[in-house]
Amino acid sequence: MLQASQQGGRSEGLSVDMDDFIELNPDQRREKVNSDQRYQALLNARGAVAGYRGSLVWHGPDGSQRLMRSYYDRSGARRQKTLGARSPETEAFKAEWDQRRAQAVQVFAERRETMERQAAINRALRLGRVPLIAAKIIRSLDEAGLLGAGIRVAGTNAVYAYEAAAGVFVDAGVTATQDIDLLMDARRTLRILSSEDVPEGALLNLLRQVDRSFERTRETFRAINRDGYLIDLIKPDPRPPWKMERDRIGSGEDDLVAASMEGLAWLENARPFEAIAIDEKGWPVRMVCPDPRVFAAHKLWLSGRVDRDPPKRRRDEAQAAVVGRLTAAYLTHLAYEGDDLRVLPKSVRQSAEPLFRHSQSTFP
């Protein structure tokens, strides 16, 4: 299991034994590949349907009708565009558009049915790992166009992405959590894809589509539901400190306001890491997280902070050890070197190096 001692902010004698990883068996590996491929096909089909968002209608009195397209743009504003007066050409265009949209909807429905069957197989093989509430939130962000485009999954839930990419399960004690951290890139203008159910593009209203009981707490960066599940919106400290930065996604006064935290700039600037994990019901979920090397280094740095609660520090250290070992043993294309690690301060990078060097030297 996990054993570690830390001196002067540097990891010494950190070890993780084989009990911390359970590799997928042949059946699980096969169906994980099938699941990934089928889910990607479903996402492609969903994107095709989104391309036909809105409607084409004839507008105006008989004899002077014009073809109009009505849709919502990325800001949530309703738009109308005139495509021309009614004519054989515009009638043919509308007929073809309607036919292609119907085909896209049919393909999406067929692929969703295929994915339903695959999810049942995934459940039977016990491939599900991501808590259902977390998976629903992440999918909602993805469908809204935010995941990987200004929002990343950080904290404990990111470990699900790393283990999925590695084809292993890690010790459940490392991944157990009742919250999710959403890392906001304050440098970007973020917009939720339009929906009449998400007024003003508010993140909190998006969360309420997942669970109506979500409410903002007195800590305005946090939302909680009736079951006590927490969602934290976080962002790096501004540099310089007096710089004014965006701190929310929606314009509503009751939306979540991101909390600024030291060290998050490393995760924000790290290369994105994408993987498809599987939730407790067997459904895939696309995840976009920080680079696991930077994640592990950040966790180790957190574990050395004297102002952090001791239980959290021990958990941070355990997660740093597991992700370092997993990366070195299974994600071998991510060596602990190169320009990708320049997002880390030199002292932080050097302190975390033993996580990866020790892993590489002891893995069978």
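Predicted model: local features only at pLDDT ≥ 70, side-chain atom pairs only at ≥ 80, totals over all residues.
Visitor: What makes a residue of the protein count as buried, and what percentage of the residues do so?

Guide: Buried means under 20% relative accessible area, and 46% of the 364 residues of the protein count as such.

Visitor: Why is Arg 126 called exposed?

Guide: The word exposed asks for a relative accessible area over 50%, and Arg 126 has a relative accessibility of 71%, so Arg 126 counts as exposed. Its place is in the loop between α2 (88–124) and α3 (132–143), and Arg 126 also has a positive phi of about 55°, although it is not a glycine.

Visitor: Why is Arg 349 called partly exposed?

Guide: Partly exposed covers what falls between the limits of under 20% for buried and over 50% for exposed, and because the relative accessible area of Arg 349 is 26%, Arg 349 is partly exposed. Arg 349 is found in helix α10, which covers residues 346–362.

Visitor: How do you know which residues Arg 349 touches?

Guide: Touching is judged by heavy atoms within 4.5 Å, and once residues up to four places away in sequence are left out, Arg 349 touches Tyr 336, Leu 341 and Leu 344. As for Arg 293, which is 56 residues from Arg 349 along the chain, the C-alpha atoms of these two residues are separated by 9.4 Å.

Visitor: What makes a residue part of the lining of the largest pocket, and which lie closest to its centre?

Guide: A lining residue has an atom within 4 Å of a point of the pocket. The largest pocket holds about 830 Å³ of space, and of the 30 residues that line this pocket, the closest to its centre are Asp 181, Met 261, Leu 302, Arg 308 and Lys 312. The largest share of the lining, five residues, comes from α8, while the elements that each supply at least two residues include β9 (179–184) and α9 (310–330).

Visitor: What makes lining residues of this pocket count as charged, and how many are there?

Guide: Asp, Glu, Lys and Arg count as charged, and the lining of the largest pocket has 13 charged residues, beside 11 nonpolar and six polar ones.

Notes: Residues numbered from 1 in each chain as written. Heavy atoms only, no water. 1 Å grid on protein atoms, 1.4 Å probe; cavity = no way out; pocket = protein on both sides within 12 Å on 5 of 7 lines; lining within 4 Å. Points joined across faces, edges and corners; volume = space filled by probe spheres on them. Helix = DSSP H or I, 4+ residues; strand = E, 2+ residues; numbered from the N terminus. Buried < 20%, exposed > 50% of the residue type's maximum accessible area, 1.4 Å probe, protein only.
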